[in-house]
Amino acid sequence: MNESSSLEDIYRKYFKDLYAYLFSLCKDHHLTEDILQETFYRAYVNLEDYSGTRIKPWLFTVAKNTYIDYLRKHKRIDLKQDEFFAQVPVKGSTEQTLLEKEGKAEIVRAISSLPDKYRDAVRLCDLEEMSCQAAADVLNLKLSTLKSLLFRGRQKLRQMKGKEREPGHEPRESV
């Protein structure tokens, strides 16, 4: 990491991405805030020892490990609706904004319905726009395994989309 990056700069730059990632795991705003606070605390404590150049994958790894530690400590998870992305402001006309919000919410719901192993790969690579190598590092997987999970997860999403268009499913009207 370069000398000019302070923890405050890192916080400002990656807060929203980490919040979205952790919220997708926790499905609870308050728990997400707690884990996010702990993530940045751990990052602060270990920032001097960090020698890599790509801080975002490292922060996601810290966040994932913090979440796993929380689960181990509390031994249960409370699932709730994933409504965070529906509240993210989008620039454009009101109609366009509404359509984009609905589209994002639909995508997030579809990804959330995937099995865990596919969901994490798709979420990190497609929603968080991480490279395959960075996502593999975060998930502690081999690159080939991550690519396989990503391919299969995307394939399952396409299958879900295809089922929506089959008879018996009403297609959405486009504006």
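**View 1. The contact of helix 1 with helix 2.** Leu7, Ile10, Tyr11, Phe15, Leu18, Tyr19, Leu22, Phe23 and Cys26 of helix 1 meet His29, Leu31, Thr32, Glu33, Ile35, Leu36, Thr39, Phe40 and Tyr44 of helix 2, where contact means heavy atoms within 4.5 Å, and helices are DSSP runs (H or I, at least four residues) numbered from the N terminus. These contact residues divide into 14 nonpolar, three polar and one charged (Ala, Val, Leu, Ile, Met, Phe, Trp, Tyr, Cys and Pro count as nonpolar, Asp, Glu, Lys and Arg as charged, and the others, Gly among them, as polar). This is a predicted model, in which local features need pLDDT of at least 70 and side-chain atom pairs count only at pLDDT 80 or more, while totals for chains, interfaces and linings use all residues. Residues are numbered from 1 along each chain as its sequence is written, and side-chain values use heavy atoms, with hydrogens and water left out.

**View 2. The packing angle of helix 1 and helix 2.** Helix 1 (residues 7-26) packs against helix 2 (residues 29-46) at about 140 degrees, with the axes 9 Å apart; axes are lines fitted to C-alpha atoms over the stretch in contact, and angles run from 0 to 180 degrees between N-to-C directions. The two helices are therefore oblique to each other, given that angles under 35 degrees count as roughly parallel, over 145 as roughly antiparallel, 65 to 115 as roughly perpendicular and the rest as oblique.

**View 3. The contact of helix 3 with helix 6.** Helix 3 (residues 55-74) and helix 6 (residues 132-139) pack at an angle of about 25 degrees, their axes being 8 Å apart, which makes helix 3 roughly parallel to helix 6. Pro57, Phe60, Thr61 and Lys64 of helix 3 meet Ala134, Asp137, Val138 and Leu139 of helix 6, and the residues of this contact divide into five nonpolar, one polar and two charged. Among the buried residues of helix 6 are Ala134, Val138 and Leu139, buried meaning under 20% relative accessible area with a 1.4 Å probe, protein chains only. Helix 6 is followed by Asn140, whose phi is positive, near 60 degrees.

View 4. Lys56 lies in helix 3 and, at 18% relative accessibility, counts as buried. A polar atom of the Lys56 side chain lies 3.1 Å from the backbone oxygen of Glu128. Apart from neighbours within four places in sequence, Lys56 is in contact with Tyr14, Asp17, Glu128 and Met130.

Key. Buried means under 20% relative accessible area, exposed over 50%, partly exposed in between (1.4 Å probe, protein chains only). A polar contact is a pair of N or O atoms within 3.5 Å; within protein, one must be able to donate a hydrogen and the other to accept it, and residues adjacent in sequence count only if both atoms are side-chain atoms.
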